[in-house]
Amino acid sequence: MTGSPVPAAEPALRPGRRSPAPLLAVCTGYFMVILDVTIINVAAPVVGRDLSASLTGIQWITDGYTLVLAGFLMTGGALGDRLGNRLVFCWGVVVFTLASAGCAFAPSASALVAARLVEGLGAALIVPGSLALLQQSFPAPAARAWAFGLWGSMAGVAASAGPLLGGLLVTTVGWRSVFLINLPVGLVCLLLTLRHVAPSPRHAARSPDWPAQCAVVAAVALLTAALNEAGRRGWSDPAVLGGLTLALVAAGAFLVRERWARSPALPLSLLRSRTMSGGAAIGLLFNFGFYGMVFTASLYFQHRRGFSALAAGAALFPAVAVTMFASVVSGRLSRRTGDRPLVVSGMLLAALGLAGWAVAGADAAYTVLVAPMMAAGFGTSFALTGSTATVMAAAPPEYSGAASALFNTTRQIGSATGVALGGSLLATGSDYGVGLRIAMAVGALAYLVAAGVALRCVPAKGKA
């Protein structure tokens, strides 16, 4: 992590070369981060009993990680651009792995919460650098599309596999194994990155814009916390409304600061770019639809149909199984069609899937729901490659970390909103079936809006 040359990484940088080592290194870290968002859900009740944690403590064990991850993504991106994305990525892996060990050996609920917060900080250093390192390692457009596609599929696989893997580990080994599994994975990720990913350029002239970073942390953390609480308290609760209001104030402070900052964390010219802002909006919308579907479907299978957590994870597997295939196909097609047709068709297919579930009704046979789940998973992964490439291509190299952070922050907001709204609809509907159908219809609408945004904002083939 000293910035010295790494000769073994050079073959991965030649145009057209598809060495899998840099992709494996980056995707291992990204998979680990996203897996920890969902794998704890199944273990949380067992952790609460074992550590005598209160309900508030259990909530912080699950939500604290997500709050810190969402709040510090922009900081991680800015540090990557300044210090070098590989260096910050590696430090993120180290922090994440050590914090996972702290989680596994936590003697009390408060110690576990503290370790989870540190784990979230490590994750916030990993995620922005992951995309920037792929852009650096795969400069040829076709190879980059292939790499972005596989990177994107990791999110769907990790998020949906989390409950299944978590249930398996908790029932066979114990809840501490949920965190111990990160130790060998983190070590492998670090070694692969140091060996096969070339050092990243540094832009030391860009001084950190700490006031802007603090405003982003406050805005995203307040928004995520308010959305999480909306699922429990309702959207009209004073705490939820207050959190949303304060988040808007913090976001306004960020924009004011960036307008006058000498070295902005994210220049407003990038935000005013239709390609950049449109790609980020698409990421928010399809994460809203996909993660809202996974969350509401998981609750529906467990509470309405009586599935165990392990069985619910298995029931959601069709939505995951197609993501890897979709990413490979979209990566191959992008060189012929460009990104716009892939994003639009992917969003339309996903919308069709969720609309089909809404129409099928709450008590439809499981076999009837397999096709809608597969359509949503395939369409989301199919569109992710093009939207990722759109955002990263719109940013100059010195802001690749910031662009990655912006894209992943909006996606995180989309996930939190989809989960919060899905939870609210299930809780306030006349029964789970009605809430589920409304949630699926809203998700389908979000996908349709994303398709419309893609038509306007994703460049056609051959255009910048």
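Biologist: At what angle do the axes of α12 and α15 cross?
Modeller: The axes of helix α12 (residues 274-303) and helix α15 (residues 339-360) cross at roughly 25° and come within 12 Å. Axes are lines fitted to C-alpha atoms over the stretch in contact, with angles from 0 to 180 degrees between N-to-C directions. Helices are DSSP runs of H or I, at least four residues, numbered from the N terminus. This is a predicted model: local features need pLDDT of at least 70, side-chain atom pairs pLDDT 80 or more, while totals for chains, interfaces and linings use all residues. Residues are numbered from 1 along each chain as its sequence is written, and side-chain values use heavy atoms, without hydrogens and water.

Biologist: Roughly parallel or oblique?
Modeller: Roughly parallel, a label for angles under 35 degrees.

Biologist: Which residues of α15 make the contact?
Modeller: Val343, Met347, Leu354 and Trp357 of α15; the α12 side includes Phe286, Gly289 and Tyr300. Contact means heavy atoms within 4.5 Å.

Biologist: New topic. How many salt bridges does the structure hold?
Modeller: Two, each a side-chain nitrogen of Lys or Arg within 4 Å of a carboxyl oxygen of Asp or Glu. Asp36 pairs with Arg116 at 3.5 Å between the closest N and O atoms. That pair joins helix α1 (residues 20-51) to helix α5 (residues 109-137), 80 residues apart.

Biologist: Is Asp36 buried or exposed?
Modeller: Asp36 is buried at 0% relative accessibility, where buried means under 20% relative accessible area (1.4 Å probe, protein chains only). Arg116 and Glu119 are buried as well.

Conventions: Helix = DSSP H or I, 4+ residues; strand = E, 2+ residues; numbered from the N terminus. Parallel < 35°, antiparallel > 145°, perpendicular 65-115°, else oblique. Buried < 20%, exposed > 50% of the residue type's maximum accessible area, 1.4 Å probe, protein only.
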